[in-house]
Amino acid sequence: MTAKPIETLRAGLPDRYLTPEDVAAMLAVPIETVYHWRKRRTGPPGFRVGRHIRYDPAAVRDWIDQQTARDTA
């Protein structure tokens, strides 16, 4: 049984890199938003593996922490 991406991230770091679809599901935003963030370099940092975009779960968690800190400041 495969866990949902958000449950995997909350339980600890997953043992794989995240796809843009995973990030969109975790944050409950449209996939287009994730691509828009990447284009504007305002979202979590991603990297290319060939023609595919991947996200390090630790980097996504750090980005979320930064957004939370910025919004509460």
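Of the 73 residues in this protein, 29% count as buried, and the coordinates discussed here belong to a predicted model. The exposed surface comes to about 5400 Å², of which carbon and sulfur atoms supply 52%. The fold comprises 4 helices and 2 strands, and these follow one another along the sequence in the pattern α-α-α-β-β-α.

**Confidence**

- The average pLDDT of the protein is 87, and 81% of the residues score at least 70.
- Confidence is lowest in helix α1, residues 5–11, where the mean is 57, whereas the highest value, 97, belongs to helix α3, residues 31–40.
- Where pLDDT is low, the predicted coordinates should not be read in detail.

**Contacts across the sequence and the nonpolar core**

- When contacts between residues at least 6 apart in sequence are considered, 43% of them join residues at least 24 apart.
- The largest nonpolar core consists of 8 residues, namely Leu18, Val23, Ala24, Met26, Val34, Ile53, Tyr55 and Val60.
- Helix α2, spanning residues 20–27, and strand β2 each supply at least two residues of this core, and α2 gives the most to it, with 3 residues.
- Val60, one of the core residues, touches Leu18, Val23, Met26, Pro44 and Tyr55 once residues up to four places away in sequence are set aside.

**Arg54 in strand β2**

- Arg54 lies in strand β2, which covers residues 52–55.
- Apart from neighbours within four places in sequence, Arg54 is in contact with Tyr17, Leu18, Thr19, Pro20, Gly46, Phe47 and Val49.
- Among these partners is Leu18, which is 36 residues from Arg54 in sequence but 5.5 Å from Arg54 in space, taken from C-alpha to C-alpha.

**Leu27 in helix α2**

- Leu27 is part of helix α2, and its relative accessibility of 25% makes Leu27 partly exposed, because that value is not under the 20% cut-off for burial and not over the 50% cut-off for exposure.
- With neighbours within four places in sequence left aside, Leu27 is in contact with Trp37, Trp63 and Ile64.
- Leu27 and Ile64 are separated by 37 residues in sequence, and their C-alpha atoms are 9.3 Å apart in space.

Conventions. Residues are numbered from 1 along each chain as its sequence is written. This is a predicted model: local features need pLDDT of at least 70, side-chain atom pairs count only at pLDDT 80 or more; totals for chains, interfaces and linings use all residues. Side-chain values use heavy atoms; hydrogens and water are left out. Buried means under 20% relative accessible area, exposed over 50%, partly exposed in between (1.4 Å probe, protein chains only). Contact means heavy atoms within 4.5 Å. Accessible areas come from the Shrake-Rupley method with a 1.4 Å probe; for residues, only the protein chains shown count as cover. A nonpolar core is a set of buried Ala, Val, Leu, Ile, Met, Phe, Trp, Tyr and Cys residues joined through side-chain atoms within 4.5 Å. pLDDT is the predictor's confidence in each residue, from 0 to 100.
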